[in-house]
Every structure is written in C-alpha cells, then in structure tokens.
Amino acid sequence: MAMQSLAIIMIVLAALLIMGIPISYAIGVSALAAILQTVPLDVSVLTAAQRTFVGMSKFSLTAIPFFVLAGNLMNQGGIARRLVDFVLAILGKLPGALLVTNVGANALFGAISGSASAAAAAVGSMVQEGEEEQGYDRALCAATNGASAPSGLLIPPSNALITYSLVSGGTSVAALFLAGYLPGILWAVCCIAVAVIIAKQKGYRGTPGKFNWKNLGTATLRAIPSLSLIIVVIGGIIAGVFTATEGSAIAVAYALLLGICYRNITLRSFWRIVVDSAKMSGMIVFLIGVSNILGWVMAFTQIPQAISAALLGLTNSRIIILLIMNLILLVAGTFMDVTPAILIFTPLFLPIVKTFGMHPVQFGLILVYNLCIGNITPPVGNTLFVAIKVGRTSLSKVMPYMLMYYGAILAGLLLITYIPAISMALPGMAGMIK
C-alpha cells in the first residue's frame, strides 16, 4: 500500500503542477487522493484541516515572516554598493577582480537579504557598469552572478534551514545556522576558483597598484553597519541570548533603523515592503501548514519505511544511497522551489539517512545545497534567469560558462555529502551536537 500511495501522490502532484495549480493546493489534494484508499472522505477532509491548522500554529514559524520582512527591508536599504566596495577592497587584486567581487558580494548580500534572486539583481547591477567598462564578457559576468547568488541561502539567517528545522521534527535552528557557514563559503570558493581560472584565460587582471589598506579601512567602516546584522542576530541565536524568533524580530528593528539612517526607506516604501512581506510570508506559512497533511499521510501509509526498505534492498552501500538521493534532489530542484521541495523530501529521506547514522544537521545542509543548485538550473532556474536579464544576454551564451560552474559546485556537494566535518565541525565545536 505504501508504494501505491507514493505513486498516487507523485502522479497527482505532477498532473496538478503541469495544469498550473499552485504548489500548496497541489500538495494537499495529492495527499488526500492517496489517503482516500483507506480512510473515508469525511474523516480525511476533517483530519486534513486539523493537520493544516496544527502545522501553521507552531511558534517557531513566527521567525519566517520576520526574517522575510528584514530581508526586504535590507534589499531596499541600499546595502549592495557598500558590500561590493568592501569585497572589492579585499579581493580586488585577484585576476578577474570584478567577477570575484561579484561572488563575494553575492554571498554576503544573499545571507543578509535571504534571497538569491535579490542578490543576483542588486549585486549584478552594481558591478555590471565596471565590467562593461573593462571589456568583460557579458555572458561570463551573468554566469558568475547567477552561479554564486545561491551561496547566501546557506549562510544564516536562512529561511530554508528554519523550514527544514520544523519539518525534521525540531532540529536545532542554532546548530543548522552554525553548520551553514562552511558549506556556504565552500560554494562561494568554488565559484571564485572558476572565475579566477577563466579570468586568467581571458587576460582579466585585478585592480592596479599595491594593496590599499586605507581603502580597505574606509570600505569596512561603510560595510560594518550592514554586516553587523549577521553578527548581532546570528551571534545572539548561537550564544543562546535569544531564540531564532526573537532574533528575527531584532533583525527587523535593525534593518528598519539602518534603512532610515541611510535615507532609503520612506513611509510609502515601508508600507509597500510590509505588504509584499506579508504576501510572501502567507504563502510560505500556508505551504508549511498544508505539507503537514502530506507528512501525516506518509506516516499513516508508512511511505518512508517502504522507500528505506527499497533503497536498502537495492544496495547496502551508504555511498551509493547518498548518491541516489543527491541525483533525485538535483532533478527535483530543477522543477520545484526550495521550500516545497524541503517539505516533500525531508520526511522521505531523513528516516533513511538516520539508519546509517547521519546527523539531521548534516542532511539538512545536503538537502538545501542540492535544492539551491536548482535555483540556477533550467527549466525553472529563477536566479539564473534574473542574472541573464540583469546581464542583458541570453541563455545559450551563458550555459557554456555555467557548465564549468556546475562542475565546481557539484564537487562541493560531494564534499559536503561525504565529509561530515564540513557541516558538523562548527556546531560540534560550539557544543550543540553530541
């Protein structure tokens, strides 16, 4: 019955998505279609409504709307230029200085704003003028911008990791946040390596002259107010000074104060930001609530146990099982956004990895890393298409460069998958993981 229920869920879900039905409704209807085999319609609908309400009633969910609002305030607050100047002052001597700066600034801006597409749009537009003046290849610039933008989604604060914490049964948000730093930095380093290699081939040089400490000091002072958001909020959460929910509220207050000080937020723009954040938060929270139906159906029909038995029956090799999971997640990520994919695949795969001793924190980073790759992979690839639009080029011109970035990013995925220390070292040193 379990595999039959899984087949019904996948077929109905795929059909509804192809028809253009919103993902939240598609998840709920597909779950109900599967459970109707064994539970009467009236009982199924009543239970589904209860599970949706329970799923949306968790206090820890409050952190998501606050972090969404904080990110939107920071997007409006004029921080992109300050971050670009800061990264350029540090990495500007490397070959392809503006490409490398694009990568570093995307990692910082994506972490602060919580949006890869926002990072690609804001940072990409900031470095574009300089790249054109220095004769950089537009397609290469767009590829670099798009490939590096999702790195910030791994660096806290991360709504994807908060969502995973809820779905996985309460995995520590602080541990997940701390674990996200090295994978996020690894993604950025992989992109910088590719950018430097291509820059050397094309003869793109770093900024002329010696390293300017005065310039670095000035850029650092201008960037400190923006970077302090990460330090204060994440530092407070990790140190146990406040919870993730309380930290998200502090982030909103800080981001609003910063925007007012920079004179980039007015009363009218603030109202627009609040409305946009409320719409986005409503979609996310409702999606999480509806996914609770799917979790109940999977538990009732024992789908995770059936998948676990099937994979373990196929092979006993931990290496091969993880490789199969990565392939499934990579394919799913090209068609689905990060949040719904986390809601669907966490209850399917987490029980399996637990059978061979993988910690939920490590699996959470593997899962999010996989799905972030989908952000820059056609046919959906929203972040990639934003970068292409900003760079005023085409997909056909960008893809040859993207193949090189894909190779480096996938190498990073394999490292995170098979070297637990990359994800577990920092939370382990902090005493968050035993």
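## A cis proline pair

Pro157 sits in the loop between α9 (151-154) and α10 (159-167). The helix labels come from DSSP: a helix is a run of H or I of at least four residues, a strand is a run of E of at least two, and the numbering starts at the N terminus. The peptide bond that joins Pro156 and Pro157 is cis, with omega at about 0°.

Before going on, note that this is a predicted model, in which local features need pLDDT of at least 70 and side-chain atom pairs count only at pLDDT 80 or more, while totals for chains, interfaces and linings use all residues. Residues are numbered from 1 along each chain as its sequence is written, and side-chain values use heavy atoms, with hydrogens and water left out.

## Positive phi in two loops

Two residues other than glycine have a positive phi here: Arg263, near 60°, and Gln302, at about 60°. Look for Arg263 in the loop between α13 (244-261) and α14 (267-301). Gln302 belongs to the loop between α14 and α15 (303-314).

How open are they to solvent-sized probes? Arg263 has a relative accessible area of 75%, so it counts as exposed. Gln302 comes out at 48%, which makes it partly exposed.

## Salt bridges

How many salt bridges does the structure hold? There are 4, with a salt bridge taken as a side-chain nitrogen of Lys or Arg within 4 Å of a carboxyl oxygen of Asp or Glu. One of them pairs Asp85 with Arg222, whose closest N and O atoms are 3.1 Å apart. This pair links distant parts of the chain, as Asp85 is in helix α5 (residues 80-91) and Arg222 is in helix α12 (residues 213-239), 137 residues apart. Both ends are partly exposed: Asp85 has a relative accessible area of 23%, and Arg222 has 34%.

Asp137 and Lys202 also meet through their side chains, at 3.9 Å from N to O. Arg138 is partly exposed at 38% relative accessibility, and Glu132 is partly exposed at 35%. Back in the Asp137 pair, Asp137 is partly exposed at 23%, as is Lys202 at 36%.

## How α6 and α8 pack

Helix α6 (residues 97-113) packs with helix α8 (residues 138-148) at an angle of about 25°, and their axes are 8 Å apart. That makes α6 roughly parallel to α8. For reference, angles under 35 degrees count as roughly parallel, over 145 as roughly antiparallel, 65 to 115 as roughly perpendicular, and the rest as oblique. The axes are lines fitted to C-alpha atoms, for helices over the stretch in contact, and the angles run from 0 to 180 degrees between N-to-C directions.

## A nonpolar patch

Leu36, Leu41 and Val45 make a nonpolar surface patch of about 270 Å². Patch residues have over 30% relative accessible area and no salt bridge; like charges are joined within 9 Å, and nonpolar side chains (Val, Leu, Ile, Met, Phe, Trp, Tyr) within 5 Å. The areas come from the Shrake-Rupley method with a 1.4 Å probe, and for residues only the protein chains shown count as cover. Leu41 falls in helix α3 (residues 41-56) and is exposed, at 55% relative accessibility.

## Two distances across the chain

Ser248 is part of helix α13. Is Ser248 buried or exposed? Its relative accessible area is 0%, so Ser248 is buried. The C-alpha atoms of Ser248 and Ala48 are separated by 30 Å, with the two residues 200 apart along the chain.

Lys389, in helix α19 (residues 382-391), is exposed, with a relative accessible area of 71%. From Lys389 to Pro351, 38 residues apart along the chain, the C-alpha separation is 41 Å.

Notes: Buried < 20%, exposed > 50% of the residue type's maximum accessible area, 1.4 Å probe, protein only.
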